[in-house]
Amino acid sequence: MTLSDKAAELLRLHTDPELLVVVNVWDVISATVVGDQPGCHALATASHSIAASYGYDDGEQIPVDLMIYMCGRIAGAVDLPVTADLEAGYGHPGETTRRAIGVGIVGANLEDEMKPLAEAIAAIEAVAKAAETEGVSFVLNARTDAYLRAGDRDPEEVRADAIERGRAFLDAGAACVFVPGLLDETTITELVEGIGERRVSVIGVPGMPAGSRLAELGVARVSYGPWSQRVALTALADTAADLLAGGSLPEGVRPLS
């Protein structure tokens, strides 16, 4: 597929009645392994996981050049649409988007960090303008940190804030609104009702409803952030502990690399 084809397909996957499930990846081998699985239609990078693989903390501590480089390596390794976690844009959301498109990325997450709404909207508009200049129908999954930074705020106030921001982000050019956090079914239902059916994206964390239930609730997309890498590292840690204690390799290990 061409870059434009991949962008169009990624947008279709977000609006299709079927829930879009994207398992986050962090390097070429994780991308090819996940991309080869039945039912995988698109990939998402995880900024946390990419940063960790290079020895950096999350939160734009990794140099943007290194993040863009790995996003490009991932996009070039698979014939699937790839959406990237661009954090808050590394200080220049439009330019970072332009660079991501240049290495084959056709969509992105962009964090609002609960900045003043006008500032968050301006960042989304910068992304949309950059994509238009590059001639790509870039699929922006605009993220609000309303729940991640809720603290002890009243839940109704938090929900209202997330919905207000979500609607504003859609109006500014986002295709979907990412509301990460450990959310129950009632909260998810209220977000979908407030922002729009098939317009809400969530993160799958332990304790969240299963994908089949998220689909029934009208969610557009579920991704897994750093949890896919944590699953892999848990398996590695457990295996290493067993080997160091005198054990042997587990049965069923496949030569995936």
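## Accessibility and Ala 77

A residue is called buried when its relative accessible area is under 20%, exposed when that area is over 50%, and partly exposed in between. In this predicted model, Ala 77 has a relative accessibility of 32% and therefore counts as partly exposed. Ala 77 belongs to helix H4, which covers residues 64-77.

Apart from neighbours within four places in sequence, Ala 77 is in contact with Val 28 and Thr 32. Pro 116 lies 39 residues from Ala 77 in sequence, and the C-alpha atoms of the two are 38 Å apart in space.

## The parallel sheet

The sheet is open and is formed by nine strands with parallel pairing, in the order S1-S9-S8-S7-S6-S5-S4-S3-S2. Its edges are strand S1 (20-22) and strand S2 (24-25), each of which pairs on one side only. In general, the strands of a sheet pair through backbone hydrogen bonds, in either a parallel or an antiparallel manner.

Helix H1, made up of residues 3-15, lies across several of these strands: S1, S4, S5, strand S6 (139-143), strand S7 (176-178) and strand S9 (221-223). The angle between H1 and S6 is about 50 degrees.

## Strands S3, S4 and S5

Strand S3 (residues 43-45) runs parallel to S4 and is joined to S4 by two bridges. Ala 44 has Thr 83 as its bridge partner in S4. Strand S4 (residues 82-85) is in turn joined by three bridges to strand S5 (residues 107-111), again in parallel. On that side, Ala 84 stands opposite Ala 108 in S5.

Side chains in a regular strand alternate between the two faces of the sheet. In S4, Val 82 and Ala 84 point one way, while Thr 83 and Asp 85 point the other way. These four residues of S4 are all buried.

## Strand S6 and Arg 143

S5 and S6 run parallel and are joined by five bridges. S6 is mostly covered, with five of its five residues buried. Val 139, Asn 141 and Arg 143 lie on one side of S6, and Leu 140 and Ala 142 on the other, so that both faces are covered by the cited burial criterion of under 20% relative accessible area.

Arg 143 is located in strand S6 and is the bridge partner of Glu 111. Its relative accessible area is 16%, and Arg 143 is therefore buried. The side chain of Arg 143 makes a polar contact with the side chain of Asp 145, at 2.5 Å. When residues up to four places away in sequence are not counted, Arg 143 touches Leu 110, Glu 111, Asp 112, Leu 148, Phe 169, Phe 178 and Pro 180.

## Ala 123 in helix H6

Ala 123 is part of helix H6, which spans residues 117-134. With a relative accessible area of 19%, Ala 123 falls under the 20% limit and so counts as buried. Residues up to four places away in sequence aside, Ala 123 touches Pro 93 and Leu 110. Leu 110 is also among the residues that Arg 143 touches.

Ala 123 and Ala 142 are 19 residues apart along the chain, and their C-alpha atoms are separated by 9.9 Å.

## Helices H7 and H8

Helix H7 (residues 155-171) and helix H8 (residues 185-195) have axes that come within 9 Å and cross at roughly 40 degrees. This crossing is right-handed. From H7, the residues Arg 159, Ala 162, Ile 163, Gly 166, Arg 167 and Leu 170 meet Glu 190, Leu 191, Gly 194 and Ile 195 of H8. The residues of this contact comprise five nonpolar, two polar and three charged.

Helix H7 also contains Ala 168, which counts as buried because its relative accessibility is 15%. Beyond its neighbours within four places in sequence, Ala 168 is in contact with Leu 117 and Ile 121. Ala 168 and Trp 26 are 142 residues apart in sequence, with 30 Å between their C-alpha atoms.

Methods: Residues numbered from 1 in each chain as written. Predicted model: local features only at pLDDT ≥ 70, side-chain atom pairs only at ≥ 80, totals over all residues. Heavy atoms only, no water. Pairing = 2+ DSSP bridges. Contact = heavy atoms within 4.5 Å. Axes fitted to C-alpha atoms, helices over the stretch in contact; angles between N-to-C directions. Buried < 20%, exposed > 50% of the residue type's maximum accessible area, 1.4 Å probe, protein only. Polar contact = N/O pair within 3.5 Å; in protein donor to acceptor, adjacent residues only side chain to side chain. Left-handed = near helix turned anticlockwise from the far one by under 90°. Nonpolar A, V, L, I, M, F, W, Y, C, P; charged D, E, K, R; others polar.
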